[in-house]
Amino acid sequence: MMSVTAEPDAKRARFVWAAAFVIGMGIAGGVINSVHLGLIGSFVVALVPMLLLIPMVRSAERAQLAIGCATPATHRYNRRMLVVSFGYLLALFVTLGVTRRFEVQGPLLWVMALLPTIPILGMILAMGRLLVEETDEYQRMRFVRASLVATGLVLVLASLWGFLEMFNLVPHIWLWAVFPVWAIGLGIGQIANRWLFGEPGC
Amino acid sequence: MLILENRLRVLRAEHNWSQQDLAERLEVSRQSVNAVETGKYDPSLPLAFRIAELFDLPIEEIFVSPSRRSSKAI
């Protein structure tokens, strides 16, 4: 069992790794857009901050143990999300590399366009599996509640943005943005859970 | 929201169990035990039965019926 002082340390480490990942991805994006590295070079530059996901997930699991919300289902969920996140990076670079280098048309263009959605569907499947496999009803309820907050956020933002866009008041946003916005909503939902139950979520 | 009062903390203390000990016996997280004990979460009927069976007590000796509690208050 973790000591009392271990809990804040574990929680702090989780946020430090998450911040390092976000900053690293920002820097990688800036480098890729400003320096011509070629496809392999860009992939390597993007892979470096992606590797930070591994210590980030490990520190998140240590924090979950310290908080007391870790379950076997959340452990499997973390691992699945880690795998599909790397799959997403790979699929994205394959699609961008092939479509920029070759004049892709017809069915292959459909395949290339849909390739990055396969790991995204994997993420959604991992979330579904978490709901199915989670035997701890309190933790499942917290995840469902956070998911509802995320869904509400997406519905509100999509409705507002859609009408604003229709009158050319805001720029166009690709529909794939719905999932990352929903994921941000999931984080906001966890904060809402904390306000409601007075305990951090997993 | 109506929250059930319960004697879980007292029963746990009588058995000299930590929240983690009880969580492992119920196969839930420690946070879940804490949420039930502190009245932040009402367990489902299956979990309430598991708790009752673990302490070898009827459910109503662990969880206080809200209607009985309000009638006592009247």
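Modeller: This is a predicted model. Start with helix α2 of chain B, residues 19–26, and helix α3 of chain B, residues 30–37. Their axes come within 8 Å and cross at roughly 105 degrees. An angle of 65 to 115 degrees counts as roughly perpendicular, so α2(B) is roughly perpendicular to α3(B).

Now the residues. On the α2(B) side, the contact is made by B:Q19, B:Q20, B:L22, B:A23 and B:L26. On the α3(B) side, B:R30, B:S32, B:V33 and B:N34 take part. By class, this contact divides into 4 nonpolar, 4 polar and 1 charged.

For context, turn to a helix pair in chain A. The axes of α7(A) and helix α8 of chain A, residues 178–197, come within 7 Å. They cross at roughly 130 degrees. That angle makes α7(A) oblique to α8(A). The crossing of α7(A) past α8(A) is right-handed.

The residue list for this pair is as follows. From α7(A) come A:R142, A:R145, A:A146, A:S147, A:V149, A:A150, A:L153, A:V154, A:L157 and A:A158. They meet A:V178, A:V181, A:W182, A:G185, A:L186, A:I188, A:G189, A:Q190, A:A192 and A:N193 in α8(A).

Next, the contact between the chains. Chain A puts in 13 residues, and chain B puts in 13 residues. Helix α7 of chain A, residues 137–166, gives the most to the side of chain A that touches chain B, with 3 residues. That side has 6 nonpolar, 4 polar and 3 charged residues.

Last, chain A as a whole. Chain A has 8 helices and 0 strands. From the N terminus on, its elements run α-α-α-α-α-α-α-α. Its C-alpha atoms fill a box of roughly 60 × 40 × 30 Å along the principal axes. Of its 202 residues, 18% count as buried. Take the contacts in chain A with a separation of 6 or more: residues 24 or more positions apart account for 73% of them.

Terms used
Residues numbered from 1 in each chain as written. Chains lettered and ligands numbered in written order. Predicted model: local features only at pLDDT ≥ 70, side-chain atom pairs only at ≥ 80, totals over all residues. Contact = placed C-beta atoms within 7 Å. Helix = DSSP H or I, 4+ residues; strand = E, 2+ residues; numbered from the N terminus. Nonpolar A, V, L, I, M, F, W, Y, C, P; charged D, E, K, R; others polar. Axes fitted to C-alpha atoms, helices over the stretch in contact; angles between N-to-C directions. Parallel < 35°, antiparallel > 145°, perpendicular 65-115°, else oblique. Left-handed = near helix turned anticlockwise from the far one by under 90°. Buried ≥ 20, exposed ≤ 12 C-beta atoms within 10 Å, placed from the backbone.
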